[in-house]
Amino acid sequence: MRLELHPQNPNPRNLKTVIECLKDGGVVIYPTDTVYGMGCDIFKHSAVERICRIKGIDPKKSHFSFICYDLSHLTDYTKSVDTPLFRLLKKALPGPYTFILPASRQVPKMLKTKRDTVGIRVPDNLICRTLVKELGNPIMSTSLPIEEYVEEYTDPEIIHDKFGKLVDIVIDGGPGGIVTSTVVDCTGPEPELVREGAGNWEELV
């Protein structure tokens, strides 16, 4: 199913359809402030396993991120963050960044890495943040089952044609991007750039 949601004013009825799908353990493709991603409710193990099957990956070796509404989720899913790091996160988010942080006990075991970390995303995109707000907890986020993002994967109609049968809903929130988020590891003494993406890291530090 392809559902249209306006980027600035998402239709409440269509939003409700997506939320019910996520609560029922569904898998959706949705827009972010960078590329279109694929995800599910972080507490639906069967949905996480399904995404791993779609992508042909081992859940134990995978690196998934959490789409959060805002920084209030930090206290739930990460261990305590010191003041300088919190200032950095506040400056960067919402924005095209994924911050790797130490995971709290509330992060489902299936979604923790061997290092006991979790990737946190607060995209500057109203659709996915509204979904998280209405759902009441983060959405798991991963890339589409492709090797790289190219021009055709900015078009939700093409995404639906290619992957619509693999997932329950493809949200059409307008054209997406082809550059993924900038990934920063914040588990060491200093934040470390892991992957350069859409965010301008040099301006932040």
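1. The largest pocket of this predicted model has a volume of about 550 Å³. A pocket here is an open set of points on a 1 Å grid over the protein atoms alone, where a 1.4 Å probe fits, with protein on both sides within 12 Å along at least five of seven lines; lining residues have an atom within 4 Å of a point. The volume is the space filled by probe spheres set on the points, which are joined across faces, edges and corners.

2. The lining of this pocket comprises 25 residues, and His63, Ser65, Thr98, Val183 and Arg195 lie nearest the centre. Strand 6 supplies the largest share, four residues. Strands are DSSP runs of E, at least two residues, and helices runs of H or I, at least four, numbered from the N terminus.

3. Helix 6 (residues 156–163) has Pro156, Ile159 and Phe163 as its buried residues, buried meaning under 20% relative accessible area (1.4 Å probe, protein chains only). Seen down the helix axis, they fall within an arc of 55°, so they line one face; the arc is that of the directions from the axis to the C-beta atoms. Their cover includes strand 1 (2–4), strand 2 (28–30) and strand 8 (169–172).

4. Leu144 is in contact (heavy atoms within 4.5 Å) with Ile159 and Phe163, among others, leaving aside neighbours within four places in sequence.

5. Residues are numbered from 1 along each chain as its sequence is written. Local features need pLDDT of at least 70 and side-chain atom pairs pLDDT 80 or more, while totals for chains, interfaces and linings use all residues, and side-chain values use heavy atoms, without hydrogens and water.

Technical notes: Buried means under 20% relative accessible area, exposed over 50%, partly exposed in between (1.4 Å probe, protein chains only).
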